[in-house]
Amino acid sequence: MKAAREIFERGLDLQPDNVYLLQSWAVAEGKAGNYEHARRRFEKCSVANAGNIQLWHAWGMMEADQGLLPRAKTLFKRCVVEGRTACQMLQACDASTLAK
């Protein structure tokens, strides 16, 4: 993960407003089990681009994978809060996760 972090940092040095790079870093941290690092990056990304439905989905899936279903549901619902329709949210999110 150390090498990946260096690449993400370098990329963000070149493009500090690239929320997709930041989101990718958050996902990578989550997959590596570094959940607090991932949450910090998701949070930073959410401030920069709150309307990004993929952000809320990726963050929600990480929380759901850990069994933190109330937190995951809250994150999935942000899709609607940020102006997304329920139909768009259901297309982006696994309906079975929402049902838990």
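Predicted model: local features only at pLDDT ≥ 70, side-chain atom pairs only at ≥ 80, totals over all residues.
1. Start with the order of the elements: reading from the N terminus, the protein chain goes α-α-α-α-α-α-α.

2. Now the chain as a whole. Of its 100 residues, 33% are buried. The accessible surface of the protein chain is about 5900 Å², and carbon and sulfur atoms account for 55% of that. As for contacts with a separation of 6 or more, 41% of them join residues 24 or more positions apart.

3. One helix pair is worth a look. Two packed helices are described by the angle between their axes and the distance between the axes. Here, H2 covers residues 19-31 and H3 covers residues 35-48; they pack at an angle of about 160°, and their axes are 7 Å apart. The angle therefore makes H2 roughly antiparallel to H3, since anything over 145 degrees counts that way. The crossing of H2 past H3 is left-handed.

4. Which residues in H2 and H3 meet? On the H2 side you'll find Val-19, Leu-22, Gln-23, Trp-25, Ala-26, Val-27, Glu-29 and Gly-30. Facing them from H3 are Tyr-35, His-37, Ala-38, Arg-41, Phe-42, Lys-44, Cys-45 and Ala-48. By type, the contact of H2 with H3 has 10 nonpolar residues, 3 polar ones and 3 charged ones. Glu-29 in H2, along with Arg-41 and Lys-44 in H3, belongs to the charged group.

Methods:
Residues numbered from 1 in each chain as written. Heavy atoms only, no water. Axes fitted to C-alpha atoms, helices over the stretch in contact; angles between N-to-C directions. Helix = DSSP H or I, 4+ residues; strand = E, 2+ residues; numbered from the N terminus. Parallel < 35°, antiparallel > 145°, perpendicular 65-115°, else oblique. Left-handed = near helix turned anticlockwise from the far one by under 90°. Contact = heavy atoms within 4.5 Å. Buried < 20%, exposed > 50% of the residue type's maximum accessible area, 1.4 Å probe, protein only. Areas by Shrake-Rupley, 256 points an atom, 1.4 Å probe, with all protein chains shown as cover.
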